[in-house]
Amino acid sequence: LIPLFLIIGSGGVGAGLYLMRLAMFNPDVSWDKKNNPEPWNKLSPSDQYKFYSVNVDYSRLKKDRPDF
């Protein structure tokens, strides 16, 4: 039973850490409404905010949208 508890516990800790990463570093979440109410507008195309992207080189992306 000890390996079962270790595997389930490490899965729970990993899920908790991933949720904490999403809450802290995702541009869709805004904790500070006074200083930066819309953080998604300040992202440049070269910012990588996804955890894993297949075959995407973010350094070569160009800006294709207007500034607001």
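Here is a short tour of the structure above, from its overall make-up down to one residue. Keep in mind that this is a predicted model. The protein has 68 residues, and its secondary structure comes to one helix and zero strands.

**The helix and its annotation**
- Helix α1 runs over residues 2–25.
- In UniProt, an unreviewed entry annotates residues 6–24 as a "transmembrane region".
- That stretch, residues 6–24, is 100% helix and 0% strand in the model.
- From one end of the stretch to the other, the C-alpha atoms are 27 Å apart.

**Surface and burial**
- Of the protein's residues, 9% count as buried.
- The accessible surface comes to about 6400 Å², and carbon and sulfur atoms account for 62% of it.
- Among contacts between residues at least 6 apart in sequence, 13% join residues at least 24 apart.

**A nonpolar patch and F25**
- V13, L17, M20, M24 and F25 together make a nonpolar surface patch of about 580 Å².
- F25, one of these patch residues, lies in helix α1.
- Is F25 buried or exposed? F25 counts as exposed because its relative accessibility is 66%, and the cut-off for exposed is over 50%.

Key
Residues numbered from 1 in each chain as written. Predicted model: local features only at pLDDT ≥ 70, side-chain atom pairs only at ≥ 80, totals over all residues. Heavy atoms only, no water. UniProt positions renumbered as here; feature names shortened; annotations may be inferred. Helix = DSSP H or I, 4+ residues; strand = E, 2+ residues; numbered from the N terminus. Patch = residues over 30% accessible without salt bridge, like charges linked within 9 Å, V, L, I, M, F, W, Y side chains within 5 Å. Areas by Shrake-Rupley, 256 points an atom, 1.4 Å probe, with all protein chains shown as cover. Salt bridge = Lys/Arg side-chain N within 4 Å of Asp/Glu carboxyl O. Buried < 20%, exposed > 50% of the residue type's maximum accessible area, 1.4 Å probe, protein only. Contact = heavy atoms within 4.5 Å.
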